[in-house]
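The sequence and structure come first.

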Amino acid sequence: MNLTPYILFSLAALFVGAAATLTMPYSKRTVGWVSLAFQTLAGAGFLYVALQVLLHGTFNPERPLFAVAGLGASFLLKVDALSAVFLLVTTVVSWAAGLYSIEYIKHYKESLARYYPLFLLFLLGMYGVVVVRDLFFFIVFWEFMTLTSYGLVVYEWGNRTNVNAGFKYFLMTHIGTAGIIVAANTLYHHSQSFDFEALAPVMGLLRSDNPALLHTILLLFFIGFATKAGIFPFGDWLPDAHPAAPAPVSAVLSGVMIKMGIYGILRVFLGMLPVSSFSTVWGNVFVAFGTVSLFVGTMTAMFQHDAKRVLAFHSIGQNGYILLAVGAGLLLAPVSPPLCAIAMIAGLYHLVNHAMFKSLLFLTAGSLQYKTGTRDLDRMGGLGKYMPLTAAAAIVAAMGISGIPPFNGFVSKWLIYHSTISAGFHTPILLLAGLAALFTSLLTMASVMVKYVGLAFLGQRLPHNRGVERDAPAGMTASQFVLAAFVLLQGVLIVPVAAALYRAAAGLLTPGYWPEFAAVLDASFGGLRLDAGAGFSGFYNPVVLLVAIAALTLVAWLFWKSGGSKKVVMDLWYSGEVQSPQAVRYYANSYFKTFKQHFNIRVGRYTQEGVYPAWKLPKVRKPFSVAHLLDIDSWLYRPLAYLGSKGLELFSRTHSGFPQWYLLWMVIGAAVALVIMFAVR
Amino acid sequence: MFRIVATIGILLFLSPLIEGILRKFKALVHSRIGPPLLQPYWDILKLLGKDDVRSPHSLLGPLPAWLSLAALLAAGLLVPLGTTAAIAGGDLFLFLYLVGFASVCTMLAGMDSGSPYAFLGMGREMMTSFVVEPVLFIALITAALKSHSFRFADMAFFQQVSGTSVSMIISGAALLLALQAQLSKLPFDIPEAEGELMGGVFAEMSGPTFAMYRWGFIVKQVVFALILTQIFFPWPLGLTGAWAVAAQVVKVLLVAVLVGLVDAVNPRLRIDQAIGYYFGVILMALVGLVFALVGA
């Protein structure tokens, strides 16, 4: 089946949408709906493409749509199961973010001409990255994605912190991308083609001819993709850029865009690099970086008190989990194909899960900012009673990220632990990584479930939040519930999700390399059983668990009810004194302080709070001009309007009221007309 | 189905008795007469009938209380009781996360009340679990590596079949040390610390809601004692039928008494002291893991 028209239609819909929203003179809300309509069109197209691919196999046309002969590049499309998974994730997350934007973006002063068009082009870039088969156009879309997202990060360009964060993002990702471009050109030098399928044999040749060069190429790819994925220490831009962007953009950045780094890693290291000793080397590297990243990111999140910064550091941590699983897969590929398959499924599963719960968390953080006007967790508290829907969504997302069964995070973490710890005997590094991941999961629970939810939604309402009486607008809560539904669904319908992800990863390898899905994960119970492969046995059935928890909760409720006691509401007890909420508040800094002190870095008299040594970029003036360039109002519309009104003002002076002047104008006019007539002749 | 109902029944209705014995024993050490053996039952019954005191700031109400008891019972279903578990496929990680879920519920309920004592208790509870949970999972992973399975049933079976091993004893000892804090007993009852925090997260609770947490706590005590005795100290090996059950009851009582003894003769530590102590215990559990890796 030819899916080309659908892909092109969807890309075109986004492009047309960008053009339409750029020029629209209507209210903010109308522009938002129009943008969402175009987004829905594009999403529907890609949804169809993804489902077709997942049901009927890879779409891989032979002929390119067009070729750039001088560069050796050709626009080749390819949608395999991996791309389909990314298409689905992008569609769901961006649609929820689009719906959220309609109400959310209204509280910004900035022009919408810099929001919706860039947002749609940003989506265009991300969709484009996953549907092409040509490294050249991959990089083109990659840059498209980076530049437009930069524009969105500096949306509030009057704020110096944001502009600096944006500049850091711009600079760091471009250093990474430069590496990718160098690597791509070096490969092109050997293959005379940018086609992914032509690059795989070249890597095979280089492996024996020039291993040092191949390692260099892979290193450049790794740094480029890891920078995008926010892996410590390359992803230093992430904790600054995520809080700077508007909440729906942060949601898409964290939910989808940083996953493109993982996509690139999978394409290169699993799709192009043949399974060999090279996989082992790079598997080890990934496991090491993943483990460090997950620990450092999550640990540092515990030190933050800015709602979105907490979540941004968790993105570093959670992407570490994904990289760890991918690395475990690479490492185990030559040793044990079934365990490798479990690890890869685990990584992709966590990727899909993280997309849902992290974007949901960012949206709830956005709602908090929308209602309270601040992102500082120390200036909000007890909001759950006034924003119950947002609180419910935040708790669901926190359950997901903490891996509480039956929510989605548990499944992927469970698979990660199984694949890493099962391999403990022959690859002890994986055992160590698995233990670190288990411990970090505890930290995740502490800082999202307990700290973020606890500080913002539970406890007493602070006087700062006295104005907050009602929940965020319906559009915002609705989009949160869309994502919350996915958080739960992915945790319950684990068999179809795992099967789709198995196909996504299997499609990258030589056919037949992995055992059949049924030989890796036994799904005949409605749940998943792991003793089919080489791993240790383990078993998880979310439906049974859900039923059991429901039944046992009912039992507990019956006992609770049995005494017939009545509810009494009483004020808090402060040892007989009266205290204001601020005076007895447990501030963000106090959370787990004794424990955190063990993780401060001390060098001489200098103490670094937390374990994430951030690079401070020097203050720069440059980004203002870049931001200025993106602010069409300031360099195009306003000057034009000014010139226009000035010109008309001059023209109005001709209307002086003296008949002599009017006669003079008529004579001059006639003369000019004559001159023109003669000139035209 | 019968096994499931029986396990739930045993966990709910027999574990208070063990708590009663523990309390009696503590009183003996203190040279007191102590409460009657059935006191824990009367406590729960009385709490169920009292007024349900709620904080005016509460969002979640008694929901976490139900969920916490349910999660602990579900975790109990995975643990071998007698010779096999009620749900044979019980997975180690599922167990860890269910127990974790129960304690998250407690912490959320504490914060939900808005009481500063509850927040302090929550912080201490979380910090304790940062250092105690690793001991638990490292010990259990040691057992998993030895038995080549993440299922409790296989882990419990391992020493029965292949005899005692060094690594299991070391991890068992580490787990025993961790039990004291896992069950909030002195010298590690820092999160509740009646003298200074008035029960920590439970500071604002009373009535049936508090009964749920008390009851869950008593169940948790038995579940952990079962894990310790079934997986790490399965001696005497080779018992069957009624003898196995009898041995199990005696061993659970022994663990309870041991925990009670330490509880009775120790003063409370500070949280930083506890963290330092448990870093040592984590190291010990890691030694057990290394022994397992080299095959001992």
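Axes are lines fitted to C-alpha atoms, for helices over the stretch in contact, and angles run from 0 to 180 degrees between N-to-C directions. Helices (H or I, at least four residues) and strands (E, at least two) are DSSP runs, numbered from the N terminus. The model is predicted: local features need pLDDT of at least 70, side-chain atom pairs count only at pLDDT 80 or more, and totals for chains, interfaces and linings use all residues. Residues are numbered from 1 along each chain as its sequence is written, with chains lettered from A and ligands numbered from 1 in the order in which they are written.

In chain A, helix H3 (residues 81-104) packs on helix H18 (residues 494-506) at an angle of about 130 degrees, the axes being 7 Å apart. H3(A) and H18(A) are therefore oblique to each other (under 35 degrees is roughly parallel, over 145 roughly antiparallel, 65 to 115 roughly perpendicular, the rest oblique). Contact means C-beta atoms, placed from the backbone, within 7 Å.

| Helix | Residues in the H3(A)-H18(A) contact |
|---|---|
| H3(A) | A:Ala81, A:Leu82, A:Val85 |
| H18(A) | A:Ala500, A:Leu501, A:Arg503, A:Ala504 |

These residues divide into six nonpolar, no polar and one charged. Ala, Val, Leu, Ile, Met, Phe, Trp, Tyr, Cys and Pro count as nonpolar, Asp, Glu, Lys and Arg as charged, and the others, Gly among them, as polar.

Between the chains, 59 residues of chain A are in contact with 64 residues of chain B. H16(A) supplies the largest share of the chain A side, eleven residues. That side comprises 39 nonpolar, 16 polar and four charged residues.

Strand S5(A) pairs with strand S1 (residues 52-54) of chain B in the parallel sense over three bridges; pairing requires at least two DSSP bridges. A:Val568 stands opposite B:Val53 in S1(B).

Note on methods:
Two residues are in contact if their C-beta atoms, placed from the backbone, lie within 7 Å.
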